Amino acid sequence: MAYETIIVDVEDHIATVTLNRPDALNAINSELMTELADAMSAAQSNDKVRCIVLTGSEKAFAAGADIAMMKDKTYVEVFTDDLFGPEIDAVSRVRKPVIAAVSGYALGGGCELAMMCDFIIASESAKFGQPEINLGVMAGIGGTQRLTRAVGKAKAMDMNLTGRFMDAKEAEAAGLVSRVVPTKKLMEEAMGAAEKIAEKSMISVMAVKEAVNRSFEVPLREGLLFERRVFHSLFATEDQKEGMAAFLEKRQAQFRDK
C-alpha cells in the first residue's frame, strides 16, 4: 500500500513509522489513521520487524485530530461510522513493542496516539494535552482513560477539564513518559531503545507486553497469577535455555524466537 500521510522505513529489525502531514502539524484524520493501522498490521506480520518506533516531526508529534474534517459531522455520522474506532483497535492489537518518540506538540488525538504505544520517549520540547474541552467536546480515543491510568485522577481531570498542557518535565515526573532527552537526540535515544528490544527473544518480549497490559484489566491477584503462569510457560522455549546458558557462560545470548 502506498502511503500519503505516513512514511515507513524498515531497517535493522526496526520499523520506523513517521507521521507526515507537515502542513497540518500531523493532525490526525481518517486517512492517516487508516494508513497507520495498515502500517502497524504490516509491521506485526513482518518477521524482520522486532520493534516499532512511531514519531512525527520536531515541531509536532501530532497536534490533535483534524478539526476541519470533523466540524460538520453529525452524531449519526460519527456513531454509525464509529469514528476512529476500527483504526484504534488495529493499532492496539499490535503485539510487538511500539515506542512513541515525541517532540513538540502531542495534543488531543496526538497525545492519545502516543499513549497507545508501549512507552513514550519525549524530547525536552514535548508538550502533552487534552484540549478537546475548548472545542465543546471531550477526548474520544483514550484521553480520559489511558491518561488517568498513566498520571492519576487529579492530573487527568486537570488536563481534560482545563485543557492545559503538560511539558516534558512534568510528564516524566507524572509517569506519562519514560524518559526525556535533548530534542536533537530524540531519535537516537528511541532507536537505541528499539535496538535493545530487538536483541531480545521476541517470545519473551511479547509476553512482557501482554503481562504488563493485563495489569490494567484485572485485579492484582489475577494479574500475579497470569504473570506467574506466563513466566512458567517460557521454560518451554529454546530461548529460555539459551538465555540462561549464555548468562552462566558469560556470553551474549543468541535468541532464535523458538
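1. Glutamate 35 sits in helix H1, helices being DSSP runs of H or I with at least four residues and strands runs of E with at least two, numbered from the N terminus. Glutamate 35 is buried but has no salt bridge. Buried means under 20% relative accessible area, exposed over 50%, and partly exposed in between (1.4 Å probe, protein chains only). A salt bridge is a side-chain nitrogen of Lys or Arg within 4 Å of a carboxyl oxygen of Asp or Glu. The nearest side chain of opposite charge is that of arginine 21, 8.6 Å away; Lys and Arg count as positive and Asp and Glu as negative, with His and the chain ends not counted. Apart from neighbours within four places in sequence, glutamate 35 is in contact (heavy atoms within 4.5 Å) with Met1, Ala2, Tyr3, Glu4, Thr5 and Ile6.

2. This is a predicted model, in which local features need pLDDT of at least 70 and side-chain atom pairs count only at pLDDT 80 or more, while totals for chains, interfaces and linings use all residues. Residues are numbered from 1 along each chain as its sequence is written, and side-chain values use heavy atoms, with hydrogens and water left out.

3. Helix H4 covers residues 85-92, and its buried residues include Gly85, Glu87, Ile88, Ala90 and Val91. Among the elements covering the buried residues of H4 are helix H1 (30-45) and helix H5 (109-116).

4. There are 13 salt bridges in the structure. One of them joins lysine 184 to glutamate 58, with the closest N and O atoms 3.3 Å apart. Lysine 184 lies in the loop between strand S10 (179-181) and helix H9 (186-198), and glutamate 58 in the loop between strand S3 (51-55) and strand S4 (60-62), so the pair ties together parts 126 residues apart in sequence. Lysine 184 is exposed, at 71% relative accessible area, whereas glutamate 58 is partly exposed, at 48%.

5. Lysine 71 and aspartate 72 form a salt bridge at 3.1 Å, N to O, and both residues are exposed. Arginine 251 pairs with glutamate 249 at 2.6 Å, N to O; arginine 251 is partly exposed, at 35% relative accessibility. A network of salt bridges links Lys155, Asp158, Arg164 and Glu170.

6. A surface patch of negative charge gathers Asp9, Glu11, Asp12, Glu195 and Glu199. Patches are made of residues with over 30% relative accessible area and no salt bridge, like charges being joined within 9 Å and nonpolar side chains (Val, Leu, Ile, Met, Phe, Trp, Tyr) within 5 Å. Areas come from the Shrake-Rupley method with a 1.4 Å probe, and for residues only the protein chains shown count as cover. The place of a charge is NZ of Lys, CZ of Arg, CG of Asp or CD of Glu. Glutamate 11 belongs to strand S1 (residues 6-11).
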